[in-house]
Each structure stands twice: as C-alpha cells, then as structure tokens.
Amino acid sequence: MQAVIFCGIQASGKSSFYKALFFDTHVRISLDLLGTRHREQLFLQACLKTGQRFVVDKTNVTIERRHSYIQLAKAAKYEVVGYYFETDLASALQRNTGRSGKAVIPERGIRGTFRLLQPPSLGEGFDRLYTVHLLAGGQFEVLPHPPATIPSS
C-alpha cells in the first residue's frame, strides 16, 4: 500500500505529474476535484480502510499540512512517498498565464503560497522523498531529495 503526497506551489506540475505517472494506479485525492474538505476526507478514509493506493494532489506547502496525511497513512501501515515540486515563483506565474477558466489561479494566491512554502524533509515521516522539476515540453526530472552529495577527495 502506498500513499503519495505532493508538495509544491500552484502551477508547478503536480496534476500533470499525477496524470503521467499515477493515473492508472492511484486514486487522486484533490480538493480541486472533490470540491469540499468533507468529500476529501471521505475519499481519504475509504482509501485507508480498503488499502487503495492514493495520491494527495494539493499544495501541502507546510509541515503542518503534510503531517496529518503522513500520520494517517503511517497508522494504516502505508509506505509514504513524497514528491516536492521545486519551482521558482516567476516560472509558476508564467505557467499560470497559460491556463484558462477555473484553472487560472490569482497571482496573489500563488505568491502567498510561495511565501508559506516549507520544503519537505525525510524527518517528517516520509519513507522516500523526491524532488520534481517540470522541464520544457511537459517532461519531468525526478531526483532523490535531498540530492546525493558527492564526497570531496
């Protein structure tokens, strides 16, 4: 059983990454999709009770926001894998201009989320943690987080 928790500001590639890597294997728990926190909790509880693999596709930019998902998944004996979508503010704002309709996030919302961002760490309870960069052409670069350091000689 696997719980995947995304962390990153809006327009950093989280939902596109879900569609590319997890669409066929994991239930997507997304407030944007489900509409209310109550529905989100119902989906999460259903996954935990049935052993269904899931992805929490939200910004989860603070340690506190990630904590409840990690604790619930750990209590249910899930492997918890985190993906940190690292991006700079200017790139996220630029990608947001390419969105349309309800997908467009007000600039002040992205800026506010960026100010709150606390990059995740293994110490939060993740079993594995990766950093994801959105590349040109919709491709992704996935690296272990934190990146391995090369010992100096």
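Modeller: Let's begin with E1 and E3, which pair in the parallel sense over three bridges. One of those bridges has Ala-3 facing Phe-54 in E3. Keep in mind that this is a predicted model, where local features need pLDDT of at least 70 and side-chain atom pairs count only at pLDDT 80 or more, while totals for chains, interfaces and linings use all residues. Residues are numbered from 1 along each chain as its sequence is written, and side-chain values use heavy atoms, with hydrogens and water left out.

Biologist: Why are E1 and E3 said to pair?

Modeller: Two strands pair if DSSP finds at least two bridges between them, and E1 and E3 have three bridges, so they count as paired. The strands themselves are DSSP runs (E, at least two residues), just as helices are runs of H or I with at least four, numbered from the N terminus.

Biologist: And what joins E1 to E4?

Modeller: Six bridges, with the two strands running parallel. Here Ala-3 has Val-80 of E4 as its bridge partner.

Biologist: What makes E1 "largely enclosed"?

Modeller: Six of the six residues of E1 are buried, so the rest of the structure largely encloses it. Buried means under 20% relative accessible area, exposed over 50%, and partly exposed in between (1.4 Å probe, protein chains only). Gln-2, Val-4 and Phe-6 point one way, Ala-3, Ile-5 and Cys-7 the other, and all are buried. In a regular strand the side chains alternate between the two faces of the sheet.

Biologist: How do you know that His-26 is buried?

Modeller: His-26 has 5% relative accessibility, so it counts as buried. His-26 sits in the loop between H1 and E2. Leaving out residues up to four places away in sequence, His-26 touches Gln-2, Val-4, Tyr-18, Gln-52, Arg-53, Phe-54 and Val-55, where contact means heavy atoms within 4.5 Å.

Biologist: How do you know which residues of H1 lie on the same side?

Modeller: The buried residues of H1 (residues 14–21) are Lys-14, Phe-17 and Tyr-18. They cover an arc of only 105° around the axis, which puts them on the same side of H1; the arc is that of the directions from the helix axis to the C-beta atoms. On the other side of H1, Lys-19 and Ala-20 are exposed. The buried residues pack against strands E1, E2, E3, E4, E5 and E6.

Biologist: What lines the largest pocket?

Modeller: It has 25 lining residues, with Gln-10, Ser-15, Asp-32, Arg-99 and Ile-105 nearest its centre. H1 and helix H2 (31–34) are the elements giving two or more residues to that lining, and H1 has the largest share, three residues.

Biologist: How do the residues of that lining divide by type?

Modeller: Five are nonpolar, ten polar and ten charged. Ala, Val, Leu, Ile, Met, Phe, Trp, Tyr, Cys and Pro count as nonpolar, Asp, Glu, Lys and Arg as charged, and the others, Gly among them, as polar.

Biologist: And what makes it a pocket rather than a cavity?

Modeller: On a 1 Å grid over the protein atoms alone, a cavity is a set of points where a 1.4 Å probe fits but cannot get out, whereas a pocket is an open set with protein on both sides within 12 Å along at least five of seven lines; lining residues have an atom within 4 Å of a point.
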